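Subject: Structure handover

Hello,

Here is the structure I promised you. Please open it first, then read my notes below.

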Amino acid sequence: RLTYIDSDSTLIVEMPSAVHEAPLTALHSAFTCFFENLPFNSASINANVLSNVGASNSLVPDLRVSFQNMRDLAAEVIVPVIGETAFSQHIDVLMDKLQMALDADPSIIMVIMAVVTESKRYSSPAKNSPSRMAFICDGSIRSATDFITASNVLPTLDAPVVVEGHTWCSVESVSFKVWVRGDEAIDLETRDPAFVAEGTLYPTDDMDSVLAMIKKGTDAMREKIVSMALAIDPDVDVVALKDPSIKLSIKKGNIITKIAGAMRETAYCRYSAWY
């Protein structure tokens, strides 16, 4: 995936990995279920939750929520929410990407950032190391099943994927940071708890403020749907659209499970690329 930063003529090249995609996959499902439960006319309002689809000319986010008025020929696609994951990359680079997206579209309602850090920065087996020699003796690349089975552990975040004494993937922490728009465009530098929250999912669970901020952003996003629905049909049932029993349900356990499973895929991809 390519991102070009025009201000300093920098081209960012990102290699996809399962761990990179995993944290926001659970949110993708949560947003999709939320929209399915909202009683708006899906033939009039096209609500999409997509991955790796452009939010601006400079950013292709890991998560993008979009709305489209299907009854207005001139209506543009609205992108109220974007999400990005940092895995084995500098946070500064990710922040630059998010700022570019906000500069391109100051109306964005919510930005979600997930950060996954590794216990040990990945490197391939060293020359003449026992690990390297063991793999060379195989004579050919191992299948994914043979490789993963050799780790001899079930997938959990606290169990690095170690094969032949070499660590192929590990997770030290998983954290989230969420910004929500007020009257002005989102300020990524703000520390105002009314507009930003951050917390850790792993190794400790400190996500209450993050989940509350996502709820705040989701409520604002729902208001956008209500205003679009009213513009299309003034007689729309606003009470039904604002039904408080219809909530965004984020299951923290699902996020952890998806990252733990993705560690195995990422480990094998690293091994096969090295071999």
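**The cavities**

The largest cavity is lined by Glu118, Lys120, Arg121, Tyr122, Ser123, His166, Thr167, Trp168, Cys169, Ser170 and Arg270. Please note that this is a predicted model: local features need pLDDT of at least 70, side-chain atom pairs count only at pLDDT 80 or more, and totals for chains, interfaces and linings use all residues. Residues are numbered from 1 along each chain as its sequence is written, and side-chain values use heavy atoms, with hydrogens and water left out.

A cavity is a set of points, on a 1 Å grid over the protein atoms alone, where a 1.4 Å probe fits but cannot get out; lining residues have an atom within 4 Å of a point. Volume is the space filled by probe spheres set on the points, which are joined across faces, edges and corners.

The structure has two cavities of 30 Å³ or more. The largest holds about 60 Å³ of space. Its lining has three nonpolar, four polar and four charged residues. (Ala, Val, Leu, Ile, Met, Phe, Trp, Tyr, Cys and Pro count as nonpolar; Asp, Glu, Lys and Arg as charged; the others, Gly among them, as polar.) Strand S8 gives the most to this lining, with four residues. (Helices, H or I with at least four residues, and strands, E with at least two, are DSSP runs numbered from the N terminus.)

The second largest cavity holds about 50 Å³. Its lining includes Ser151, Val153, Leu154 and Met263. Here H7 gives the most, with three residues. Seven lining residues are nonpolar, two polar and one charged.

**The aromatic rings**

Trp168 is buried, at 0% relative accessibility. (Buried means under 20% relative accessible area, exposed over 50%, partly exposed in between, with a 1.4 Å probe and protein chains only.)

Rings of Phe, Tyr and Trp (its six-membered ring) pair if their centres lie within 6.5 Å; planes under 30 degrees apart count as stacked, over 60 as edge-to-face and the rest as tilted. The count comes to 16 aromatic pairs. One of them is Trp168 with Trp274, a tilted pair at 5.7 Å centre to centre and 55° between the planes. Trp168 lies in S8 (residues 166-169) and Trp274 in H7 (residues 252-274), so the pair ties together parts 106 residues apart in sequence. Ring pairs also link Trp168 and Trp274 into a cluster with Tyr122, Phe135, Phe147, Tyr268, Tyr271 and Tyr275.

Best wishes

Notes. 1 Å grid on protein atoms, 1.4 Å probe; cavity = no way out; pocket = protein on both sides within 12 Å on 5 of 7 lines; lining within 4 Å.
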